[in-house]
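Let's take a walk through a protein model together. Have a look at the picture below, and then we will start with one place where two parts of the chain meet.

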Amino acid sequence: MLSFKSAGPREIGNCLVADVGVNACNKQHLRLASYAVEFHEMVENLSEKEPDKEDWRHIDALLSRISRVVAVHFREEEDLMVEYGYPDYARHKTLHEKFIKELANIQSQINNRNIRFKSKLSTMLWNWLYNHINVEDYKYREFFLEKGVK
Ligand SMILES: [Fe+2]
Ligand SMILES: [Fe+2]
């Protein structure tokens with residue numbers, strides 16, 4: 001396990017992100033985990049009040065950063081799978097597409113300044129970190145190690 005130390009609230013503590021064996025993917029996963037922590041902190045700060053103009057600006061910036069990194073990461077992971085003939089590629093790609101769709105959904109709520117995005121995105125990011133990376137991505141570890149991909 002890669003230990004990700006959060007500078008965030010105590011209840012998050014350490015977020016453990018699995019070592020999936022591919023360096024580039026590990027780095028991107030940690031970066032996404034740090035965004036999830038940042039997002040969680042932002043939501044915590046907003047729990048007592050409605051977001052003002054400055055808050056929405058921060059939310060927009062963070063979401064566009066998350067979307068960008070997610071898009072790059074998914075593409076790189078999928079390219080690697082295609083290049084080496086990963087047998088579970090199609091299913092994995094479907095899971096990525098589902099996540100992108102959910103992210104687009106949240107993006108439109110944010111664009112409409114709909115406050116309901118808060119709990120939704122936070123939950124989605126954490127589920128994704130724990131379930132997608134630690135379960136689904138982790139499945140390709142052995143495959144890529146055998147192919148000599150680092
Ligand atoms: Fe991944
Ligand atoms: Fe993935």
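Predicted model: local features only at pLDDT ≥ 70, side-chain atom pairs only at ≥ 80, totals over all residues.

Begin with the residues that touch. On the side of helix 3, they are His-92, Leu-95, Phe-99, Glu-102, Ile-106, Gln-109 and Ile-110. Their partners in helix 4 are Phe-117, Lys-120, Leu-121, Met-124, Trp-128, His-132 and Glu-136.

Now step back from the side chains and follow the two helices themselves. Helix 3 covers residues 89-111 and helix 4 covers residues 117-136. Their axes come within 11 Å of each other and cross at roughly 165°. How are helix 3 and helix 4 oriented, roughly parallel or roughly antiparallel? An angle over 145 degrees counts as roughly antiparallel, so helix 3 and helix 4 are roughly antiparallel to each other. The crossing of helix 3 past helix 4 is left-handed.

Where does this pair sit in the whole protein? Along its principal axes, the C-alpha trace spans about 50 × 30 × 20 Å.

Finally, look at how the chain packs. Of the 150 residues, 18% count as buried. Among contacts between residues at least 6 apart in sequence, 65% join residues at least 24 apart.

Note on methods:
Residues numbered from 1 in each chain as written. Chains lettered and ligands numbered in written order. Axes fitted to C-alpha atoms, helices over the stretch in contact; angles between N-to-C directions. Helix = DSSP H or I, 4+ residues; strand = E, 2+ residues; numbered from the N terminus. Parallel < 35°, antiparallel > 145°, perpendicular 65-115°, else oblique. Left-handed = near helix turned anticlockwise from the far one by under 90°. Contact = placed C-beta atoms within 7 Å. Buried ≥ 20, exposed ≤ 12 C-beta atoms within 10 Å, placed from the backbone.
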